[in-house]
Amino acid sequence: MHRRIGSSLMMRRYDNACLTRPTETPLALVIVNGVGFVPGFAALWPRATVTICADGGANKLHDVWKAKFVPQYVKGDLDSLRPEVADYFESKGTVIVKDPDQESNDLDKCLHLLQTLQSSMADNIKLKVLVLGAMGGRFDQEIQNINALYRWSSVFESMTLFSDHTSATLLLPGTHLIRPNFDVETRTCGLIPLGGVCKSVTTKGLKWDMTDFETTIGGFVSTSNHCLSDEITVENSDPLVWTTELQPL
């Protein structure tokens, strides 16, 4: 997933190809108790190597899809999981893990589990993690999900938050080659400095490209931008959230 540019700079590649076709990188789906799932969810589920519901996310999966999809795991403090949902999924082979720790949220608990599962995979393979239903609900929960991007993205091959309408992933400092999946994504995008000031960002392939721009909340922020190219290059000195609009279901 990485290649060298010149002698010292690493270029990281990022795309959402997995939403519409099989990819070599194993997928992990984490369903949280937010709004919706992701476009193409029914086709995506069978391609996942690991499927986890974060506590009340199991209720949502059960209620929306009935008996069609059964997660491998449900994990959380289980204060939201309904007893009849727990009984149903357990009868189908789901492993339900109660973690009462109140210093971590249910998504963190699931990501800890994924980290453990990833460590046992052959050839040091890393997972591509998709967190479904992560945006569009309560604002404090949405911010906690974004916080997880900052805490966990470096642990996995990549980590992306999804709702039915948008995606968000963290671009760590460096140079990134982004190939949007226009079968699912529109050309609307943004680069958001949610973790603090990004002292320098330079882009290529956007309608409103930036050259050595400083971006910060309370100052300049690139929202409602537009992908002109099928490949977008972003070079950033500090972490930035790359977000795209998804096409209607």
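User: Is Cys-227 buried or exposed?
Analyst: The model is predicted, so local features need pLDDT of at least 70 and side-chain atom pairs count only at pLDDT 80 or more, while totals for chains, interfaces and linings use all residues. Residues are numbered from 1 along each chain as its sequence is written, and side-chain values use heavy atoms, with hydrogens and water left out. Buried means under 20% relative accessible area, exposed over 50%, and partly exposed in between (1.4 Å probe, protein chains only). Cys-227 has a relative accessible area of 1%, so Cys-227 is buried.

User: How many disulfides are there?
Analyst: A disulfide is a pair of cysteine sulfur atoms within 2.5 Å. By this rule the number of disulfides is zero.

User: How far is the sulfur of Cys-110 from the nearest cysteine sulfur?
Analyst: Cys-110 takes part in no disulfide. The nearest cysteine sulfur belongs to Cys-53, at a distance of 8.1 Å.

User: Which residue has the cysteine sulfur nearest to that of Cys-227?
Analyst: Cys-227 is in no disulfide either. The nearest cysteine sulfur is 3.8 Å away and belongs to Cys-189.

User: At what angle do the axes of helix 2 and helix 3 cross?
Analyst: Helices (H or I, at least four residues) and strands (E, at least two) are DSSP runs, numbered from the N terminus. Axes are lines fitted to C-alpha atoms, for helices over the stretch in contact, and angles run from 0 to 180 degrees between N-to-C directions. The axes of helix 2 (residues 57-65) and helix 3 (residues 83-91) come within 10 Å, and their crossing angle is roughly 75°.

User: Is helix 2 roughly parallel or roughly perpendicular to helix 3?
Analyst: Angles under 35 degrees count as roughly parallel, over 145 as roughly antiparallel, 65 to 115 as roughly perpendicular and the rest as oblique. Helix 2 and helix 3 are therefore roughly perpendicular.

User: Which residues of helix 3 make the contact with helix 2?
Analyst: Contact means heavy atoms within 4.5 Å. On the helix 2 side it is made by Ala-58, Asn-59, Leu-61 and His-62. From helix 3 come Val-85, Tyr-88 and Phe-89.

User: Which residues of helix 2 are buried?
Analyst: The buried residues of helix 2 pack against several elements, including strand 4 (50-54), helix 3 and strand 7. These buried residues are Gly-57, Ala-58, Asn-59, Lys-60, Leu-61 and His-62.

User: What is the phi of Asp-123?
Analyst: Most residues other than glycine have a negative phi. Asp-123 lies in the loop between helix 4 (106-119) and strand 7 (128-132), and Asp-123 is exposed, with a relative accessible area of 71%. Although Asp-123 is not a glycine, its phi is positive, at about 60°.

User: Where is Ser-224?
Analyst: Ser-224, not a glycine, has a positive phi of about 50°. At 56% relative accessibility, Ser-224 counts as exposed. The element that holds Ser-224 is strand 14.

User: Which residues beyond its neighbours within four places in sequence are in contact with Ser-229?
Analyst: Ser-229 sits in the loop between strand 14 (222-226) and strand 15 (232-236). With 27% relative accessibility, Ser-229 is partly exposed. Setting aside the neighbours within four places in sequence, the contacts of Ser-229 are Phe-182, Arg-187 and Gly-205.
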